Amino acid sequence: MLAEFIAAGYSIAIQMKLFVPEEIDRYAHNHTSPRGTVLEKLREHTLAEVPYSQMQVGRVEGALLKLLAELTQASRVVEIGTYTGYST
């Protein structure tokens, strides 16, 4: 993933450590639906303009949070510490 960001011309000040093997991370990314246009533009803006852009919730994490909210049939969600972009 980091190589994709660098290849796209973005710089990341801090490299995030993966909690799972890279193969699993790549599999999850490749099998997660792409972001919508608005979220993709927001991600690009954050990477280009906002300090500490690596704090964004990624596509896989966002999909997991959405799935958890749907599985629990949550009618309300409280999100504390929103950065830019989305989580739930």
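These notebook entries record what I looked up in a predicted model of a protein.

**Basis.** I number residues from 1 along each chain as its sequence is written, and I use heavy atoms for side-chain values, leaving out hydrogens and water. Because the model is predicted, I take local features at pLDDT of at least 70 and side-chain atom pairs at pLDDT 80 or more, while totals for chains, interfaces and linings use all residues.

**Overall fold.** I found 4 helices and 0 strands; helices (H or I, at least four residues) and strands (E, at least two) are DSSP runs numbered from the N terminus. Along the sequence I read the pattern α-α-α-α. Of the contacts with a separation of 6 or more, 69% join residues 24 or more positions apart; contact means heavy atoms within 4.5 Å.

**Surface.** I noted an accessible surface of about 7100 Å², with 59% belonging to carbon and sulfur atoms. Areas come from the Shrake-Rupley method with a 1.4 Å probe, and for residues only the protein chains shown count as cover. Buried residues make up 15% of the 88 residues; buried means under 20% relative accessible area, exposed over 50%, and partly exposed in between (1.4 Å probe, protein chains only).

**Helix α4.** I looked up residues 59–71, which form α4, and its 13 residues reach 18 Å from first C-alpha to last, close to the 18 Å expected at 1.5 Å a residue. The expected span is 1.5 Å times one less than the number of residues. Just after α4, I noted that Q73 takes a positive phi of about 55 degrees.

**Two buried residues.** I located S53 in the loop between α3 (37–49) and α4. S53 counts as buried because its relative accessibility is 7%. Leaving aside neighbours within four places in sequence, S53 is in contact with T46, L47 and Y83. I placed D25 in helix α2 (residues 22–30), and its relative accessible area of 18% makes D25 buried. D25 and V60 are 35 residues apart in sequence and 8.8 Å apart in space, C-alpha to C-alpha.

**Salt bridges.** My search of the whole structure gave 3 salt bridges, each a side-chain nitrogen of Lys or Arg within 4 Å of a carboxyl oxygen of Asp or Glu. In helix α2, R26 and E22 lie 4 residues apart, about one turn, and their closest N and O atoms are 3.5 Å apart. I also found R35, E40 and R43 linked in a network. R35 pairs with E40 at 3.3 Å, and E40 pairs with R43 at 2.6 Å. R43 counts as buried because its relative accessibility is 13%, whereas E40 is partly exposed at 22%.
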